[in-house]
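Me: I'd like to go through this fold with you, one question at a time. Could you start with the ground rules once it's on screen?

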Amino acid sequence: MNSGTMTVKNAVCKAKTRCIDNSGKMTIKSGSFTSTGTGISAVKGMSNSNTVISGGTFCANGAASNPDSFQYGGDSEPYAVLCGYNASMSIRGGKFTCPRKPEDKGVIGVSYAPKSFACTVQANVAKPA
């Protein structure tokens, strides 16, 4: 999605690449999103996008491109959800899983967080990297 507004509800997506690359304004209310590709997140908010996640299951099952080098928020590691550069993402609920260990900065990634980055996490959801 490159522009406009979209609401996703009760979707099921399994992909070797990302299930969603959002470049517009998107609300994800429910569904199952699983990616299996190396270093790929299930959902990514692209530059200048606005993504709101209020529910659903997000799973990145792939391996890291370089398993010895988990970098802060980069695209080479699998995150359940990745908020891209200069994007806005609000996570209010959902279940997030990936092969990353807690010391590897968790399941939610922040890509090169600039000062304008906005990511809020509420309830019992994992904290951003």
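Reply: A nonpolar core here is a set of buried Ala, Val, Leu, Ile, Met, Phe, Trp, Tyr and Cys residues joined through side-chain atoms within 4.5 Å. Buried means under 20% relative accessible area, exposed over 50%, and partly exposed in between (1.4 Å probe, protein chains only). This is a predicted model, where local features need pLDDT of at least 70 and side-chain atom pairs count only at pLDDT 80 or more, while totals for chains, interfaces and linings use all residues. Residues are numbered from 1 along each chain as its sequence is written, and side-chain values use heavy atoms, with hydrogens and water left out.

Me: How many helices and strands does the chain have?
Reply: Helices (H or I, at least four residues) and strands (E, at least two) are DSSP runs, numbered from the N terminus. Read from that end, the elements go β-β-β-β-β-β-β-β-β-β-β-β-β. The tally is 0 helices and 13 strands.

Me: How many residues are in the largest nonpolar core?
Reply: Ile 20, Ile 28, Phe 33, Ile 53, Phe 58 and Phe 96 have the most contacts inside it. Phe 33, for one, touches partners including Val 8, Ile 20, Ile 28, Val 43 and Phe 58 (contact means heavy atoms within 4.5 Å; residues up to four places away in sequence are skipped). The core's size is 22 residues.

Me: What share of the chain's contacts with a separation of 6 or more joins residues 24 or more positions apart?
Reply: For background, buried residues make up 49% of the 129 residues. As for contacts with a separation of 6 or more, the share from residues 24 or more positions apart is 57%.

Me: Which backbone oxygen does the side chain of Ser 35 reach?
Reply: Ser 35 is in strand S5 (residues 31-35), and it counts as buried because its relative accessibility is 0%. Its contacts include Ala 15, Thr 17, Cys 59 and Gly 62. At 3.3 Å, its side chain reaches the backbone oxygen of Ile 40.

Me: How many disulfides are there?
Reply: A disulfide needs a pair of cysteine sulfur atoms within 2.5 Å. Cys 98 is in none, as the nearest cysteine sulfur, that of Cys 59, is 7.8 Å away. Cys 98 is also buried, because its relative accessibility is 15%. The disulfide count is 0.

Me: What is phi of Asn 48 near?
Reply: Most residues other than glycine have a negative phi. Asn 48 has a positive one; it lies in the loop between strand S6 (43-45) and strand S7 (50-53) and is exposed because its relative accessible area is 58%. Asn 10 also has a positive phi, near 60 degrees, and is in the loop between strand S1 (5-8) and strand S2 (11-15). For Asn 48, phi is near 65 degrees.

Conventions. A polar contact is a pair of N or O atoms within 3.5 Å; within protein, one must be able to donate a hydrogen and the other to accept it, and residues adjacent in sequence count only if both atoms are side-chain atoms.
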